[in-house]
Amino acid sequence: MAYDYEYFKKAVLDLTKIDLNAYKEKQMKRRIDTLISKNKIVGYENYVAALKSDKKLFEEFVNYLTINVSEFYRNPEQWQIMDKDIIPELIKKFGNNLKVWSAACSTGDEPYSLVMALSRHLPLDKIKIHATDLDKQVIAKAKVGLYGEKSIVSVPADLKKRFFTKIGPSYQISDEIKSRVEFSEHNLLRDTYPSDCNLIVCRNVLIYFTEEAKEEVFRKFYKNIKPGGYLFIGNTEQIINYKEIGYTRKNSFFYGKP
């Protein structure tokens, strides 16, 4: 079975450019085995053959593999720090044209939250967020901008009223917010990072990576943040060796580059 999974990892890398070696094996293997079983396919070899021939199955697999759990203003107390401390400091240091990257942005909740947070401090036409994800399906969902009530529960009331329209049981985010975000596909473990960022946001994604892959990503983030800029990570994550990499820690989830 170990050999089978090794074969499967290589096949997935060839097919999708996603390196499963970077993910915690026990956790990821369990997820994949569940999906294979759900599709009533026996063995990794047969599943790879099916992925090559069935576009719908392939898209389901990539969507399942790239774990997408997101919501607007996730951990609201951290967004209060963003609003009161981080954004004013960045504007003071760098001016109004901030370069902001939302990495592993999932269905758009986070980059759209960033636009709304920045809108309290800057005119909308001065805001531009570069948002990336590995999964083109979630990027497509993000561009539509339609969300369930649970996703927007933490959005401040004034912003919810201003930027969302209720459509049946769902909520549509306004075009004026959507137009401030540019989405593209990006693989954190393979692709070139945007450089000279004033703020990078990557939250609750790296928990699925191995320690080695995490460190590689945190070092790449550091390299591509401008001195004086920040990295904002999730409440499930921490950078244990942040001092060694060069970061300073503003609090548990905001790391600065001196």
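Select Tyr23 to begin: with a relative accessible area of 9%, Tyr23 is buried, where buried means under 20% relative accessible area, exposed over 50% and partly exposed in between, using a 1.4 Å probe and protein chains only. This is a predicted model, in which local features need pLDDT of at least 70 and side-chain atom pairs count only at pLDDT 80 or more, while totals for chains, interfaces and linings use all residues. Residues are numbered from 1 along each chain as its sequence is written, and side-chain values use heavy atoms, with hydrogens and water left out.

Tyr23 is found in the loop between helix H1 (2-16) and helix H2 (25-38); helices (H or I, at least four residues) and strands (E, at least two) are DSSP runs, numbered from the N terminus. Leaving aside residues up to four places away in sequence, Tyr23 touches Ile18, Met28, Leu134, Tyr208, Phe209 and Thr210, a contact being heavy atoms within 4.5 Å.

Next, select Ser113 in helix H6 (residues 109-119). Ser113 counts as buried because its relative accessibility is 0%, and its contacts, not counting residues up to four places away in sequence, are Phe72, Tyr73 and Trp79.

Finally, move to Leu146, which lies in strand S3 (residues 146-148). With a relative accessible area of 41%, Leu146 is partly exposed.
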